[in-house]
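Here are my notes for someone opening this one for the first time. Have a look at the picture, then go through the points in order.

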Amino acid sequence: EEAPILVAAPHSSFMDVVLVATNLFGTAVAKAESINTPLTGRFIKLTEPILVERSIKGETVAKGVVEKVRERLDTPGRKKQILFFPEGTVTSGKSLITFKTGAFQLGLPVQPCLLRYGSPWQTWTFLGPSGLSAFALTLASIHSELAVEYLPVYEPSEEEKADAKLYANNVQKLMSLALGRPGTQHSYEDARLMQRGIKLGLPEDTALLEYTVAKGMTGLSFDDFLELLERFALLDTDKDGYIMPDDFQSDLCWPAGEDVNELFNEYDTSHRGKIDYREFVMGYTDLCKGLIQSDASSGMFRALCAGEGAISLQTLKAAFKGCSCSEDAVQRLSTCLHDVKSADDLRSRLRQRPEYSYLTQRRFLSSA
């Protein structure tokens, strides 16, 4: 009763929920598909779990989970603690990643619970052996050890009750210190980006940019990060985790020269002569912020539509006649701007490829 919610970390094995929840006779918060997992799924069902549908957008998931937890806590005669794994995904256990706010949004006291496995093969992550292999290795061991340490109940301050993110971060710091392992700003979304990057042929650490921090700095959605990762993978032709100047210029189909070099430097903030995924995301965001302003977009639109009322391949060829731009560059720009019929539409379309906003501004506005 003192702490109706238990938060356990690090979450490094598919066995965590079985061992902890059944030991406490508690109720686990688990992803919906986990109840279909061979062997462990049956144990999870016994905990009368609160299931999370990850196919639903993040905010909807969080709101739904909080409501289900509230209903469960209000059930007459309730005696079970509700178990959260606030990291939201499995990790190697070498650090604690960002805690999600679900366990903390009700502003109730929580009891932190530290998990320590005795053998590295008992942990399961996206890059390690399969869950079945980890399970088999555990069964093959003469002795498998899991130490569970319960820390004192954490009573949130009024400020923490009003700010679930602050509450979650403070509990993460407390557990990290007690565990003797660092806390990071990585999250479940980083794991998803990493998985997608690997499927695209990129090195495993390419997309690890501390998503929560990057989202706060850019305002981009998770789908935006995925889309930019797809583009990054296309430009990273040798799949070493970096975009090189030649690949950058080739994708734009823009003549090599000062304009492209300056644009590349807008991304290459570390001045290494190459762009990593984090720089690509931040560069894209900065270019979007620098899209042609409304007072300049009208003049840009007039220049690119050549008096025809809408931008087309023919009007772009006329606008760039006499310039050093290749036919491929004009064709690529046409793909981005075809049938744009107003200055506002032009600004909206250039948001898809803000590099062309930068280059066309330098081409036309500087000479206006």
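This is a predicted model: local features need pLDDT of at least 70, side-chain atom pairs count only at pLDDT 80 or more; totals for chains, interfaces and linings use all residues.

1. In what sense do β2 and β3 pair, and over how many bridges? They pair in the parallel sense, over three bridges. Two strands count as paired if DSSP finds at least two bridges between them.

2. Residues are numbered from 1 along each chain as its sequence is written, and side-chain values use heavy atoms, with hydrogens and water left out.

3. Now the overall picture. The protein has 17 helices and six strands; these are DSSP runs numbered from the N terminus, with helices being H or I of at least four residues and strands E of at least two. Of the 368 residues, 48% are buried (buried is under 20% relative accessible area, exposed is over 50%, partly exposed is in between, with a 1.4 Å probe and protein chains only). Among contacts with a separation of 6 or more, 70% are between residues 24 or more positions apart; a contact here means heavy atoms within 4.5 Å. The protein exposes about 18400 Å², and carbon and sulfur atoms supply 52% of that (Shrake-Rupley method, 1.4 Å probe; for residues, only the protein chains shown count as cover).

4. Back to the sheet. The six strands form an open sheet in the order β3-β2-β4-β1-β5-β6, with mixed pairing. β3 (50–52) and β6 (146–150) are at the edges with a single partner strand each, so one side of each has no neighbour in the sheet. On average, neighbouring strands of this sheet are turned by 25 degrees against each other, direction ignored. Axes are lines fitted to C-alpha atoms, for helices over the stretch in contact, and angles run from 0 to 180 degrees between N-to-C directions.

5. Next, β4 and its partners. Strand β1 (residues 5–9) runs parallel to β4 (residues 82–84) and is joined to it by three bridges, with V7 opposite F84. β2 also runs parallel to β4, joined by two bridges. Helix α6 (residues 164–179) lies across β1 and β5 (110–117), at about 40 degrees to β5.

6. Is strand β2 mostly covered or mostly open? Mostly covered: four of the five residues in β2 (residues 27–31) are buried. T27 lies in this strand and is buried, with a relative accessible area of 2%. T27 stands opposite I82 in β4. Leaving aside neighbours within four places in sequence, the contacts of T27 include T47, P49, I50, R72 and L83.

7. Turn to the aromatic rings. There are 10 aromatic pairs, where rings of Phe, Tyr and Trp (its six-membered ring) pair if their centres lie within 6.5 Å, with planes under 30 degrees apart called stacked, over 60 edge-to-face and the rest tilted. F248 and F264 make an edge-to-face pair, 5.4 Å centre to centre with 80 degrees between the planes. The two sit 16 residues apart, F248 in helix α10 (residues 245–252) and F264 in helix α11 (residues 258–267). F248 is buried at 3% relative accessibility, and F264 is buried at 6%. Ring pairs also link F232, F248, F264, Y267, Y277 and F280 into a cluster.

8. One more ring to check: Y242. The charged end of K274 sits over the ring of Y242, 4.1 Å from its centre (the rule asks for NZ of Lys or CZ of Arg within 6 Å of the ring centre and within 35 degrees of the ring normal).

9. Finally, a few backbone details. The peptide bond from A9 to P10 is cis, with omega near -5 degrees, and P10 lies in the loop between β1 and α1 (16–24). K239 is not a glycine, yet its phi is positive, near 55 degrees; K239 is in the loop between α9 (222–235) and α10 and is partly exposed at 30%. D339, also not a glycine, has a positive phi of about 65 degrees. D339 lies in the loop between α15 (327–337) and α16 (343–350) and is partly exposed, with a relative accessible area of 36%.
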